[in-house]
Amino acid sequence: MGGLTSLIDALGRAVLRSVEEMGRIILLFFSVMGWMFRPPLRLRNIFKQMEFVGVRSIFVVVLTGMFTGMVMALQGYHGFRMFSAESMVGATVALGMTRELGPVLTSLMVTARAGSAMAAEIGTMKVTEQVDALYVMAANPVQYLIVPRIIAGVVMVPFLTIVSDFVGILGGYFVGVELLNINAGVFMKNITKLVELSDIFNGLIKAACFGLILSLVGCYKGFNTTGGAEGVGRATTEAVVLASITILISDYFLTALMF
Amino acid sequence: MIELIDLHKSFGKNQVLAGLNLTIEDGMTTVIIGRSGGGKSVLLKHIIGLMKPDRGRVLVDGVDITRLNDRELNEIRKKFGMLFQEAALFDSMTVGENVAFPLREHARLKETEIRGIVTDRLRAVGLPGVEEKMPAELSGGMRKRVGLARAIALHPRIVLFDEPTTGLDPVMTEAVNQLIVATQKNFQLTCVVISHDLQSIFRIGHKIAMLYEGVIIAHGTPEEIQASRDPVIRQFLAGSIEGPIRVM
């Protein structure tokens, strides 16, 4: 009986902690919204973060997008062949990439690359009193550190998703048409017939939401770091885990709403 | 003038400030002494509004900063400069960019004027020509001096020092002490220094305040503090483990 009580107690505490953390992240979001539209507009910081989140993630996004498209074509071909419907491979790859895999995989890659770096960088600044130094010099850290990263996440993840969608379909084309000899015309025709503009557009909205999640969680974890180098390591890990889980859960609800 | 009135601050069950009262006068250096972990840094953070007290008031030139919103507090903070314990230089910026940071944020100056002030401040702390270096390339003492150059860049009236000589060798300690004395004199600053380095305390302080168990138990000139018969102060100055201050 005592064991059961302590289990429920521990479970209750974990739930309370999670709800409290979610509340704090939402409060940070409102604070970011408040500071985003106040002068000065720190364009230099914003472009620096956009370069870090966007330009420097292109290679990893191209690689994951390309191979995902290729493997989808390969798997799809073997499945569709059973029904003599190989011509559907192109459309399946294109729909899968634009609606789902493009935004989700891109966001997870950017979370691992840039979300973790946001937590580590801001976390280090926190434990070495650089965040306090910003306050002391009358520069608000939310405006100076977090707003540019949020803007970069929301703007650049959709751009990276466009790249991922494109190279994914290209990878699917290469495997389907070049390696598995599906007719190129049929492959392309089914894509244009079945993929609508709204599929691409909704995928990009998802990507923007995921960009917000990964940057907000990364900044939140960094901003609340305590306990020196160990604390920075913990914050970084927690940022990647929490952002990835939140992206996957919110993906379901966004999909349910959009499609 | 800075007045701390009946300040209370607790972290969980640990009461750090327990009704602290202290008046810091303009144009002189007040050193706050006390044991490590005794709340000195917490006190300093209250003076500049980085922490809010559970109870009590912090008056800067008669304005209670505990009641101000972010924007009003930022205006008050422009009167302050602060040298952090580890200097807290932005490690993504060069030394020159660090010193220029408060100028770029708050002073409407041309780039050439900003560069002139940066050169001037770095020369004032004895580090001419290091503008292009990164903070990671500097020694601990140099970082503190750059931190001081940044703290006085905007020509503040009040400068706070959080353990400015901790971790420095005796020669560098004396160099930093001399710098604090000279900077205070040249810029007519009100300085608040937190320290438990006895050599430095009497070298730089016009007034010394002893923080013990959350309150100021003595406040006076260095001579008055040295002549004090209070057993806590006697033990602290003697560096003895025998006495009312318990070693934990």
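The exercises below work through selected features of this structure, each with a solution in steps.

The model is predicted, and local features need pLDDT of at least 70, side-chain atom pairs count only at pLDDT 80 or more, while totals for chains, interfaces and linings use all residues. Residues are numbered from 1 along each chain as its sequence is written, and chains are lettered from A and ligands numbered from 1 in the order in which they are written.

**Exercise 1. Chain A as a whole**

Describe the secondary structure of chain A and the span of its C-alpha trace.

Solution. Begin with the elements, where helices (H or I, at least four residues) and strands (E, at least two) are DSSP runs numbered from the N terminus. Chain A has nine helices and zero strands. Next, take the extent of the C-alpha trace, which spans about 65 × 60 × 30 Å along its principal axes. Then turn to burial: a residue is buried if 20 or more other C-beta atoms, placed from the backbone, lie within 10 Å of its own, exposed if 12 or fewer, and partly exposed in between. Of the 259 residues of chain A, 46% count as buried. Finally, consider contacts, in which the C-beta atoms of two residues, placed from the backbone, lie within 7 Å. Among the contacts in chain A with a separation of 6 or more, 89% come from residues 24 or more positions apart.

**Exercise 2. Two helices of chain A**

Work out how helix H1 and helix H6 of chain A are oriented, and which residues meet.

Solution. First compare the axes, which are lines fitted to C-alpha atoms, for helices over the stretch in contact, with angles running from 0 to 180 degrees between N-to-C directions. The axes of H1 (residues 2-36) and H6 (residues 141-179) of chain A come within 10 Å and cross at roughly 100°. Angles under 35 degrees count as roughly parallel, over 145 as roughly antiparallel, 65 to 115 as roughly perpendicular and the rest as oblique. H1(A) and H6(A) are therefore roughly perpendicular to each other. Second, list the residues: Ser31(A), Val32(A), Trp35(A) and Met36(A) of H1(A) meet Val142(A), Gln143(A), Ile146(A), Val147(A) and Ile150(A) of H6(A). Sorted by class, this contact has seven nonpolar, two polar and no charged residues. Here Ala, Val, Leu, Ile, Met, Phe, Trp, Tyr, Cys and Pro count as nonpolar, Asp, Glu, Lys and Arg as charged, and the others, Gly among them, as polar.

Third, look at the loop between H1 and helix H2 (43-53) of chain A, where Pro40(A) lies. The peptide bond from Pro39(A) to Pro40(A) is cis, with omega near 0°.

**Exercise 3. The two sides of a helix in chain B**

Find which residues of helix H6 of chain B are buried, and where they lie around the axis.

Solution. Start with the length: H6(B) (residues 170-187) has 18 residues and reaches 25 Å from its first C-alpha to its last, close to the 26 Å expected, where the expected span is 1.5 Å times one less than the number of residues. The buried residues of H6(B) are Val176(B), Asn177(B), Leu179(B), Ile180(B) and Thr183(B). They cover an arc of only 160° around the axis, so they lie on the same side of H6(B); the arc is that of the directions from the helix axis to the C-beta atoms. The face turned away from this buried side carries the exposed residues Pro170(B), Val171(B), Lys185(B) and Asn186(B). The buried residues are covered by elements of chain B including helix H5 (140-151), strand E7 (158-162), strand E8 (190-194) and helix H7 (198-204). After H6(B) comes Gln188(B), whose phi is positive, near 50°.
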